[in-house]
Amino acid sequence: MRKEGHKKSLFIVVGIIGVTWYNRDVVLGTNTKEEKFLKGKAKYLLHVFLVCVMLLSACGQSESSQKEGDFNQSEQVSVEKEEEAMELTEKKYSPRDEYIKTLGRTEYINDTLWMALSGTGAEFTFTGTNATITMQADTALMGDRNSQARIAIFVNGECVVDDMIDTMAEVYKVFESTEPAECTIKVVKLSESAMSTVGLKSIEVTSIGDIKPTPQKEHFIEFVGDSITCGYGVDDEVKEHNFSTKTENVMKAFAYKTAMALDADYSMVSYSGHGIVSGYTGTGEKVATQLVPPYYTKLVFSFNFPISQSIIS
């Protein structure tokens with residue numbers, strides 16, 4: 001736009017100089033035949049030149065108007081897209097890395113995020129009015145309730161679900177509001193892996209834009225441990241009771257609390273009764289079984305499907 005203006009100004013200045021030169025000679029009154037012929041020719045060329053200037057100016061204005069029209073149309077499309085992105089719409093997501101941050105060692109199997117080890121889970125943020133989480137059970141569903149997976153779901157730091165997964169698909173409506181609000185949702189497996197695993201099947205929201213993973217923290221800690229790291233029995237007031245996933249809660253264990261105190265992401269590789277050089281013993285004698293090292297390089301150890309397949313690889 002600015003360069004075109006400069007060009008038009010240049011043509012006009014040159015035209016004015018030509019007209020001034022022509023009029024000057026007429027006033028001075030040079031009247032020879034040759035000079036009259038040259039003046040006539042100059043006058044003709046000057047007229048042609050001025051016509052060209054007018055045509056170029058018109059073309060420049062037309063091109064400028066076209067560019068301005070294209071710009072306005074592009075700007076309108078951009079505004080429409082922004083308005084569309086600001087609308088509340090219903091969406092359903094598979095829990096993939098582009099939408100969630102995974103917590104601990106997890107595994108994607110058939111578009112489901114499987115969680116086994118204590119503290120494993122997922123976290124994401126969104127702005128909207130509704131959120132529904134669907135969880136999937138494993139083969140522990142067919143066994144004792146004391147072996148089923150225990151999970152917790154948090155919305156903006158507040159626990160809204162604390163439940164045992166006792167049906168194949170558990171659907172939890174975890175958030176509802178009349179006005180759009182910013183939310184951070186975290187799903188955590190509270191119980192350990194040997195007895196059961198659980199899958200995060202889908203996330204449904206009514207939101208402005210997509211759900212997004214929460215940011216990675218500056219620090220990361222991996223804890224290797226036993227029942228103390230798993231939070232075994234912390235929710236049971238009677239210490240003589242037998243093992244149950246219903247009373248396990250990794251979020252009350254020292255390891256989890258340490259990660260939170262240091263504002264660190266974490267991974268728990270822990271199994272009740274398992275040690276580094278010896279498994280649990282009541283006699284003081286070394287037990288060569290129930291060791292963590294054979295499972296450390298695997299995804300996880302579990303008696304139930306589908307995660308138990310992963311320890312083979």
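The residues lining the largest pocket divide into 7 nonpolar, 5 polar and 1 charged. Here Ala, Val, Leu, Ile, Met, Phe, Trp, Tyr, Cys and Pro count as nonpolar, Asp, Glu, Lys and Arg as charged, and the others, Gly among them, as polar. The model is predicted: local features need pLDDT of at least 70, side-chain atom pairs count only at pLDDT 80 or more, and totals for chains, interfaces and linings use all residues. Residues are numbered from 1 along each chain as its sequence is written, and side-chain values use heavy atoms, with hydrogens and water left out.

The lining of this pocket has 13 residues. Glu192, Met195, Phe243, Ser272 and Gly273 lie nearest the pocket centre. The volume is about 190 Å³. A pocket is defined on a 1 Å grid over the protein atoms alone, as an open set of points where a 1.4 Å probe fits, with protein on both sides within 12 Å along at least five of seven lines; lining residues have an atom within 4 Å of a point. Grid points are joined across faces, edges and corners, and the volume is the space filled by probe spheres set on the points.

The chain as a whole has 5 helices and 12 strands. These are DSSP runs numbered from the N terminus (helices H or I, at least four residues; strands E, at least two). Of the 313 residues, 40% are buried. Buried means under 20% relative accessible area, exposed over 50%, and partly exposed in between (1.4 Å probe, protein chains only). The accessible surface comes to about 18,400 Å². Carbon and sulfur atoms account for 56% of that surface. Areas follow the Shrake-Rupley method with a 1.4 Å probe. Among contacts (heavy atoms within 4.5 Å) with a separation of 6 or more, 71% join residues 24 or more positions apart.

Strand E5 spans residues 121-137 and includes Thr134. Thr134 is buried, at 11% relative accessible area. Leaving aside residues up to four places away in sequence, Thr134 touches Glu170, Val171, Gly199, Leu200, Lys201, Ser202 and Glu204. Ala122 also has its place in E5. Its relative accessibility is 2%, so Ala122 counts as buried. The C-alpha atoms of Ala122 and Gly104 are 8.8 Å apart, across 18 residues of chain.

Gln148 lies in the loop between E5 and E6. Gln148 counts as buried because its relative accessibility is 6%. Beyond residues up to four places away in sequence, Gln148 touches Ala140, Leu141, Gly143, Met164, Ile165, Asp166, Ser191, Ser196 and Thr245.

Two loop residues have a positive phi. Most residues other than glycine have a negative phi. Asp111, not a glycine, has a phi of about 65°. Asp111 sits in the loop between strand E3 (106-109) and strand E4 (112-115). Its relative accessible area is 45%, so Asp111 is partly exposed. Asn156, again not a glycine, has a positive phi of about 50°. Asn156 belongs to the loop between strand E6 (150-155) and strand E7 (158-164). Asn156 is partly exposed, at 47%.

The disulfide count is 0, with a disulfide taken as a pair of cysteine sulfur atoms within 2.5 Å. Cys159 is partly exposed, with a relative accessible area of 38%. Cys230 is buried, at 0%.
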